[in-house]
Amino acid sequence: MQKLFPKNGSKFPELRFLGFADAWEQRKFFDNIRRTVDFRGRTPKKLDMDWSESGYLALSALNVKNGYIDPSADAHYGNQKLYDKWMTGKELYKGQVLFTTEAPMGNVAQIPDNNKYILSQRTIAFDVASDKITNDFLAVLLRSPKSFNELSSLSSGGTAKGVSQRSLSQFKVTLPKSLQEQKKIGIFFKQLDKTIALYQPLFVKLS
């Protein structure tokens, strides 16, 4: 992954897809984001409601893993009434990038399908500025070691590090100006994730 991103101080990655040679551009992180969906602190009890046996899966820092959503990890569900009261006007969509802000900090996944989800504890979602960045590239960017290290340095807290909106406002990223190059990188890593997921059960069995 690191060779597809510029090293510190550089605007050119070591490896490029054919047809791309322009320097990458440094921007403030929020210059690429149209809106942050952030319901941290919201709970069913604060809405005078409760979780249900089934319904819409709540996405929290416990079930948003790096690269995927684990529905079996600390699963909570909300019925239609809770969903409508919680998510109205800020519904999540397929491909949208999720980011866990603490406990753990820095897990990145994308909404995998057209099902509806409730955005829950210690997890935020980003609406991208589509003329500046793609969802797939944003996911790759946030999962890069460079981004994780920089966000860790901006985070607050002791043992349990956490990223606030203020931390993200200080975060700077370097990325291709070309959306086509961003798409190529995003597709490459999505295919890589699929290949890893395909062979992962074999690795577990062999170990």
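Read along the sequence, the chain of this predicted model follows the pattern β-β-β-β-α-β-β-β-β-α-α-α-β-α. That makes 5 helices and 9 strands. The radius of gyration is 18 Å, close to the 17 Å that the globule rule gives for 207 residues, so the chain is as compact as a globular protein of that length. The C-alpha trace spans about 55 × 45 × 35 Å along its principal axes. Of the 207 residues, 41% count as buried. The accessible surface comes to about 11,600 Å². Carbon and sulfur atoms account for 52% of that surface.

Four of the strands form an open sheet in the order β2-β8-β5-β6, with antiparallel pairing. The edges are held by β2 (33–38) and β6 (105–110). Each has a single partner strand, so one side of each is left without a neighbour in the sheet. From one strand to the next, the twist averages 25°. Strands β5 (residues 97–101) and β8 (residues 123–128) run antiparallel and are joined by 4 bridges. Within this pair, Leu98 of β5 stands opposite Ala125 in β8. Helix α2 (residues 135–143) packs on the sheet and touches β2, β5, β6 and β8. The direction of α2 makes about 155° with that of β6.

The largest nonpolar core has 27 residues. Those with the most contacts inside this core are Phe29, Phe99, Phe126, Phe137, Leu138, Leu142 and Leu168. At least two core residues come from each of β5, β6, β8, α2, β9 (172–175) and α5 (179–206). Helix α2 gives the most, with 6 residues. Leu138, one of the residues with the most contacts in the core, belongs to the stretch 135–143 of α2. Neighbours within four places in sequence aside, Leu138 is in contact with Phe29, Ile33, Val97, Phe126, Val128 and Ile133. Two of these partners, Phe29 and Phe126, are also listed among the residues with the most contacts in the core.

Most residues other than glycine have a negative phi, and most peptide bonds are trans. The loop between β5 and β6 holds Ala103 and Pro104. The peptide bond from Ala103 to Pro104 is cis, with omega near 5°. Ala103 also has a positive phi of about 50°, although it is not a glycine. With a relative accessible area of 39%, Ala103 is partly exposed.

A positive phi is found as well at Arg122, another residue other than glycine, where the value is near 60°. Arg122 lies in the loop between β7 (118–119) and β8. Its relative accessible area is 22%, so Arg122 counts as partly exposed.

Ser60 sits in the loop between β3 (56–59) and β4 (77–78). At 9% relative accessibility, Ser60 is buried, because the value is under the 20% cut-off. Beyond its neighbours within four places in sequence, Ser60 is in contact with Ser120, Gln121 and Thr123.

Technical notes: Residues are numbered from 1 along each chain as its sequence is written. This is a predicted model: local features need pLDDT of at least 70, side-chain atom pairs count only at pLDDT 80 or more; totals for chains, interfaces and linings use all residues. Side-chain values use heavy atoms; hydrogens and water are left out. Two strands pair if DSSP finds at least two bridges between them. Axes are lines fitted to C-alpha atoms, for helices over the stretch in contact, and angles run from 0 to 180 degrees between N-to-C directions. Contact means heavy atoms within 4.5 Å. Buried means under 20% relative accessible area, exposed over 50%, partly exposed in between (1.4 Å probe, protein chains only). A nonpolar core is a set of buried Ala, Val, Leu, Ile, Met, Phe, Trp, Tyr and Cys residues joined through side-chain atoms within 4.5 Å. The radius of gyration is taken over C-alpha atoms; the globule rule is 2.2 Å times the number of residues to the power 0.38. Accessible areas come from the Shrake-Rupley method with a 1.4 Å probe; for residues, only the protein chains shown count as cover.
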